Amino acid sequence: MNITLHINGKDLQVDVAPNQTLLSVLRANGVFGPKHGCETGECGACAVLLDGVPVNSCVMLAVQANGRRIETIEGLGGEQQRGWRGSRPLHAIQTAFVETGAIQCGYCTPGMIVAAKALLDREPNPTEAQVREALSGVLCRCTGYLKPVQAVLRAAAVLRGEDVPPIFEEILPAPPGLFEPRLPDEPMDMGDPAVAVKAPPALLTIGMKPLAYVGKPEPKVDALKLVQGHPAFTDDIEKRGMLTGKLLLSPHAHALIKRIDAAKARALPGVHAVLTHQDIPRVAYTTAGQSAPEPGPHDNYSLDTKVRFVGDRVAAVAAETEEIAQRALDLIEVEYEVLPAVLDPRQSMQPGAPILHDEPESWLIEDPQRNLAAVVDWELGNVEESFRQADHIFEDTYYSPKVQQTPIENHVVVTWWDEDDRLVIRTSTQVPFHVRRILAPVLGLPEKRIRVIKPRIGGGFGVKQEILIEDICAHLTIVTGHPVRMDYTREEEFIASRTRHPMFITMKTGVSKDGTIVANSMYALSDTGASGTHAMTVAGNTGHKAMALYNAPNIKFHADIVYTNTVPSGAYRGYGVPQGFWALEIHMEHIARSLGLDPLDFRLKNAIKTGDEHPVSKIWSEGREGAAEYIHTCGLPECVDQGAEAIGWHDRYGNPDWHIVPSRPHLRRGIGVAMVMQGTAIPNLDMGAASIKMNDDGSFNLLVGATDLGTGSDTVLTQMAAEVLGCPPEDFITYSSDTDFTPFDKGAYASSTTYISGQATVIAAERVAEQIKEVAARMLAKEGDAVEPADITLQDRAAWALDGRSVSLRDIALNALHAENQHQIMAVGSHVSPESPPPFAAQFATVTVDTETGQVTVDELVMAVDSGVIINPITASGQIEGGMVQAAGYGVCEEMAYDDEGRVLNPRFGPYWIYRSDDVPDLKAIFVETYEESGPFGAKAVAEIPLDGAGPAIANAVYDAVGVRIKDAPLYPEKVWRAMKGIDD
């Protein structure tokens, strides 16, 4: 039927099907601001304004919008960067989102901004609660909502005509000569990032010149395009003749495919291809995007004769429309031989358990007959002997559940043949170079015939460190010759993607009378699901990081990683470390309280310190031979001091009056802490590279293989290059992650981008700077005395001699390209580090527990972090805030539930609850700066450590509030209530 839509002030007449959603019509007509994140209207990424009211366009029929006024983010403002298309300033909300750092991945940004506009149109002076309520229908996995709320309050003030002060960071004085002064402005209610950067003089040991761009809250280099809804993401593309790819998924947890008949599906008009295991080569591979040689089991096949979990692949279809593709899937006839399934990892290795991987082609499986995907085992000293000598022994078992990463952008891939008969894979991935290398043998193509393009990523959190649907989409393009688009639904993200590894962890600790830990052991039973992707390295990381924090002389770690007939586990932000600290820090709290020791003093007494050898580094490193590493920077004691002060620890802990809520006798308050450490890249393995090219006007092209998935890595790498080359970040065109054009990078994982890719960027910039100085010296010598290149400094877009003479970068570029000794000024830098300097943090939490229901409300989360020098306080604090909320989710409310047949019971938002803007706690990030000599400008990692501490800190706060220890996450009300009542599960 023909309808008229009034979109952003323009009329569009379009023919639509009666069942076509408004979202699909908008995107089919080039309006890419509204996004697909679910099909049930729960994520809000698709939000638009309909006659000024926010609606979810994914659940609204297009015909319902006939004749009505539709406004998307594209209609709010913008275009000021593209004057030939007209000039319209950004809306105040868009400007505030840029200024406050409210944009991380940017996928939910359009929905948030249109929801905020509707609020401010009806209420120009909203309260914070009103803002949070208005944004609550738009889910965000990145930000923790703090900065978006601040952005809306700031925009409201601007629209009321009020002056708003610039965004600031609270800085304590640093030692003279280290940093140029960064003085705080007056605090403001709308836009104060609530992040403190504190630099204790005792921690900063290496002098640096004053910095112009590093350490500053520079706006993100991609903020303008994201805040205007420009087509930046994988799915924001149109291709003539593009087909839709869909997957037929298994309804059984474990079964053999005895017969499959696709004849009826292939005969359906509009179907271009149907693929089954009979149609493509059987190649064993791993979906884990890791450096070669990948250390885990190679037990995946594009399509197989056996299905191992509900949601496993059975067949694939490419058709002209999604509706035709779905009908084709329904026509495929499959006869299954259902096999017994194992759903509990504690049963996987029992005699008689069903064997998941009995196929001969799979390799690097530790013991397939026992469902044992991998084993990690190491020991320092003699743990058993030390247990016998200890004064106290504490032993207990803890559990971390199966949780999903839930980036708001689902997995999505577009593949096509280019004009040179090369396969192009445009995909939302964290690891484009690994995708190309791993897929080459799977597809039967040499790597040189595959190009992988990584556009903007709408959140990853590790789940996009997998080669998940790229292979099937590529197979369909190879067979049909057509471009093919394939994405997951939200349900498919839950049942057919990847999750965090559930773990049962048993801790046993020996302690002397004076509170010294003399022996510490951890046994982890890790559930890798139906595939061994990341099996060994995740569990190994659990022990490597968690068991290194308390530097006992005797430490033992053993992990059995087993298969079950559940959704495969994989990489998830933190990579095994949150599971370890969930167990370790609840365990340490129990020890301290049992021995009558102060929880802070007990932990710090035993914690690793500056100058110590990292106890695990020499015996384990991602399954490879380790090497001794030493802790050069550890600000953990200062983190504890700053975090304790910020949350009022000394006034609240042990204070019975604070624990009682006046006039509400059924409520109890509690306060908890966890201390954590993470890693920074994988030593002697992770490599990143960058190239920088100078343009005629003195600007630069920065090409990096690193992938920015919302972390702000494109921005911080640009800031580093800008610092070296003496020009502002706006003088850079930064392009990341295209296997044809950018240098190699292992990808976005292991908290390595700032440290590894940043150092590569600095090396490239320094090499370009040397070339610039040589040209500048020649040019300056013509006007006066000779100048040595080494005596020239680069700043303010010019090269300066010691006597004050200068030549602009533009003139230098023109001279090099067009005048004398003509050559292109450019360079490549690469970096691999032999070290992995750990960041440290102290996580504090307060809660309120309802003793009548067991309901836990998290009130405050404060994290004080030593991540070295902070390159960009706005982006770094956003990482901490969002990470704390994500970690609180697995501690309080997130868990994938299964029935007895292996079916996920809550494969959608809502039943699977992630925090919303109106139920998050108060958040505060504090950075305690140390100077890590091995890192670029003294930086260490920041992205993963906020996932490690919130869960156990909340559990410890519940213990403090009501005196019950909950050892298995999450802290559901019934679980807490039963513990208070002494009722066993």
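Trainee: Which residue forms a salt bridge with Arg449?

Mentor: Asp421 does, with the closest N and O atoms 3.2 Å apart. Keep in mind that this is a predicted model.

Trainee: Where do Asp421 and Arg449 sit in the chain?

Mentor: Both are in loops, 28 residues apart. Asp421 lies between strand 16 and strand 17. Arg449 lies between helix 10 and strand 18.

Trainee: Is Asp421 buried or partly exposed?

Mentor: Partly exposed, at 45% relative accessibility. Arg449 is partly exposed too, at 25%.

Trainee: What about Lys117, which residue does its side chain meet in a salt bridge?

Mentor: Glu71, at 3.7 Å from N to O. Lys117 counts as buried because its relative accessibility is 12%, under the 20% cut-off. Glu71 is buried as well, at 15%.

Trainee: How many salt bridges does the count come to?

Mentor: 58. Some share partners: Arg27, Lys35, Asp235, Asp236, Arg485 and Asp487 join into one network.

Trainee: Switching topic. How many residues of helix 13 are buried?

Mentor: 12 of the 12, so helix 13 is largely enclosed by the rest of the structure. Among them are Met536, Asn541, His544 and Lys545.

Trainee: What do those buried residues pack against?

Mentor: Several elements, including strand 14, strand 20, helix 14 and strand 23.

Trainee: And how far does helix 13 reach?

Mentor: 17 Å from first C-alpha to last, close to the expected 16 Å.

Methods
Residues are numbered from 1 along each chain as its sequence is written. This is a predicted model: local features need pLDDT of at least 70, side-chain atom pairs count only at pLDDT 80 or more; totals for chains, interfaces and linings use all residues. Side-chain values use heavy atoms; hydrogens and water are left out. Helices (H or I, at least four residues) and strands (E, at least two) are DSSP runs, numbered from the N terminus. The expected span of a helix is 1.5 Å times one less than its number of residues. Buried means under 20% relative accessible area, exposed over 50%, partly exposed in between (1.4 Å probe, protein chains only). Contact means heavy atoms within 4.5 Å. A salt bridge is a side-chain nitrogen of Lys or Arg within 4 Å of a carboxyl oxygen of Asp or Glu.
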